[in-house]
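Please read the following briefing alongside the sequence and the coordinates.

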Amino acid sequence: MSQSTSSAPTTRDGCSVALYLRLPYRGEVELISPWLPAAASVLELGCGVGRMTRNLLARGYHVTAVDNSPDILAHVSTEASKVCANIEDLDLGEEFDAVILASCLINIPDDGLRALQLAKCRTHLQSGSPLLFERHDPAWLSAVTVGYLGDIGTVEIYVDEAARKDAEVQLCVRYQEDEHSWSHRFTVRILDDEAVQEVLSRAGFAAPRWINQRWGAAIACDHAA
Ligand SMILES: C[S@@+](CC[C@H](N)C(=O)[O-])C[C@H]1O[C@@H](n2cnc3c(N)ncnc32)[C@H](O)[C@@H]1O
């Protein structure tokens, strides 16, 4: 899905581990915490270096953190249960109070893989419990052009390439901090509210409630997919 120009360790989908260690926490747990019961068991999918994991643990949640990259999982706190696995292959034999699918993983371009991953979200949830997911703002993806995008902490972000074909967007995004630079090339699918509702419904979730333009919460229905 993505490529990094750095020779340092990368995740299996091409994210730079060094870059993800530099990205600051941005208040995601506070945003979604109204959906998390006190002391909830939380399954965090695609946890990266544990940016959100740390803050979930600090708030008293019991976190099972999943990533398919051992290099990145090594940075996650040992207070979490760590699982090195593909989301689409996950079979923990356990239901959680909540599942988190952050980092716009729902925007992967492969419809079959997305369906498999959402089915795994559903099988690891009790009926009535929420999937908290992050997706790319469809308005932003539909209009994105080359240029400076903004800062995350001390890291500046630039879009170096943007090519749209139907609902797919190929991007090359460069992260710059002082003399360090990381480029990720990846393809994403634009998912508007209607498309998100459809893929979630097929996986056994009710229509999502939107927390903001990027984050949504979908409750697992009785009938698991
Ligand atoms: C962009 S990073 C973000 C990590 C974290 N969610 C955060 O917000 O800091 C996405 C992570 O998802 C992981 N990932 C991507 N596809 C995956 C898959 N199919 N199964 C397991 N992990 C995956 C990558 O290894 C990477 O660590």
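A residue counts as near a molecule or strand if its C-beta atom, placed from the backbone, lies within 6 Å of it. The model is predicted, so local features need pLDDT of at least 70 and side-chain atom pairs count only at pLDDT 80 or more, whereas totals for chains, interfaces and linings use all residues. Residues are numbered from 1 along each chain as its sequence is written.

**Ligand surroundings**
- Among the 20 residues around the ligand, those that come nearest are Thr11, Gly46, Gly48, Arg51 and Asn68.

**Nonpolar core**
- A nonpolar core is a set of buried Ala, Val, Leu, Ile, Met, Phe, Trp, Tyr and Cys residues joined through C-beta atoms within 7 Å; buried means that 20 or more other C-beta atoms lie within 10 Å of a residue's own, exposed that 12 or fewer do, and partly exposed in between, with C-beta atoms placed from the backbone.
- The largest such core has 50 residues, of which Val42, Val99, Ile100, Leu101 and Leu131 touch the most other members.
- Strand β5 (residues 98-101) gives the most to this core, with 4 residues; strands are DSSP E runs of at least two residues and helices H or I runs of at least four, numbered from the N terminus.
- Leu101 touches Leu45, Gly46, Ile106, Cys121, Leu131 and Phe133, leaving aside residues up to four places away in sequence, where contact requires C-beta atoms, placed from the backbone, within 7 Å.

**Helix α5**
- In helix α5 (residues 111-123), the buried residues are Arg114, Gln117, Leu118, Lys120, Cys121 and Arg122.
- These buried residues pack against β5, β6 (130-134) and α7 (193-202).

**Helix α3**
- Helix α3 (residues 51-58) has Arg51, Met52, Thr53 and Leu56 as its buried residues.

Notes:
Two residues are in contact if their C-beta atoms, placed from the backbone, lie within 7 Å. The expected span of a helix is 1.5 Å times one less than its number of residues.
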